[in-house]
Amino acid sequence: MTTKGKRPVLGAIAVVLHRIDNQDCVLLIQRATEPNAGSWGFPGGHVELGETAAQAAVRELFEETGVVATVQSHLENIDVFLRDADGTVARQYLLVASLCDYVSGTAKPDDDAADVRWVPVSQIDTLGLDLLDQVADVARAARVRTRVI
């Protein structure tokens, strides 16, 4: 695997579960910018120097959606490889997923989010959203984790 001399980028995502109309829902954003413009995923972004992954997840969540949440626990790490047409790794991300509890705010797209929506976990695969890789699996893992805690 060739990486063209680049190093992985550390990112953080906020996996916010909230009960709406008696359904477990996760907050997803539609990306407005590349990479993956138009696709749906969790709010998140780069971890800044001196910031923990949990702090970055909460900050990015608020910047992109206006929603305030607290981190309940680390959920999982996600490896993302973006490849060129020839299969060469062009960019690599390590995303730290934080399971978050909704506190307040009305979800509205801001920053680099084109749209935002609460999505029932039970319907995440059937709504026809262009989901980024692993989003549905992470949403289901979050729902299982909250039932265990």
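A search of the whole structure, which is a predicted model, finds six salt bridges. Start the tour with these.

**Stop 1: Arg19 and Asp24**

Select Arg19 and Asp24. Their side chains form a salt bridge, and the closest N and O atoms are 2.8 Å apart. Now check the cover on each partner. Arg19 is partly exposed, at 48% relative accessibility. Asp24 has 18%, so it counts as buried, the cut-off being under 20%.

**Stop 2: the network around Glu60**

Next, select Glu51, Arg59, Glu60 and Glu63. Salt bridges link these four residues in a network. Zoom in on one pair, Arg59 and Glu60: their side chains meet in a salt bridge at 3.1 Å, N to O. Which of these two is buried, and which is partly exposed? Glu60 is buried, with a relative accessible area of 8%. Arg59 is partly exposed, at 22%.

**Stop 3: helix α2**

Move to helix α2, residues 135–148. Select Asp137 and Arg140. Both lie in this helix, three residues apart, about one turn. They form a salt bridge, with 2.8 Å between the closest N and O atoms. Asp137 is partly exposed, with a relative accessible area of 48%. Arg140 is partly exposed too, at 28%.

**Stop 4: a nonpolar patch**

Switch to a surface view. Select Phe62, Val68 and Val103. These residues form a nonpolar patch on the surface, and together they have about 250 Å² of accessible area. Pick out Val103, which lies in strand β6. Val103 has a relative accessible area of 45% and is partly exposed.

**Stop 5: the largest pocket**

Last, turn to the largest pocket. Its volume is about 680 Å³. Which residues are closest to its centre? Select Arg31, Asn36, Tyr93, Leu95 and Leu132: of the 29 lining residues, these are the closest to the centre.

Now colour by secondary structure. Strands β1 (9–20), β2 (23–31), β4 (44–46), β5 (68–83) and β6 (89–104) each supply at least two residues of the lining. Which element gives the most? Strand β5 does, with five residues.

Finally, colour the lining by residue type. It divides into 14 nonpolar, seven polar and eight charged residues.

Conventions. Residues are numbered from 1 along each chain as its sequence is written. This is a predicted model: local features need pLDDT of at least 70, side-chain atom pairs count only at pLDDT 80 or more; totals for chains, interfaces and linings use all residues. Side-chain values use heavy atoms; hydrogens and water are left out. On a 1 Å grid over the protein atoms alone, a cavity is a set of points where a 1.4 Å probe fits but cannot get out, and a pocket is an open set with protein on both sides within 12 Å along at least five of seven lines; lining residues have an atom within 4 Å of a point. Grid points are joined across faces, edges and corners, and a volume is the space filled by probe spheres set on the points. Helices (H or I, at least four residues) and strands (E, at least two) are DSSP runs, numbered from the N terminus. Ala, Val, Leu, Ile, Met, Phe, Trp, Tyr, Cys and Pro count as nonpolar, Asp, Glu, Lys and Arg as charged, and the others, Gly among them, as polar. Patches are made of residues with over 30% relative accessible area and no salt bridge: like charges are joined within 9 Å, nonpolar side chains (Val, Leu, Ile, Met, Phe, Trp, Tyr) within 5 Å. Accessible areas come from the Shrake-Rupley method with a 1.4 Å probe; for residues, only the protein chains shown count as cover. Buried means under 20% relative accessible area, exposed over 50%, partly exposed in between (1.4 Å probe, protein chains only).
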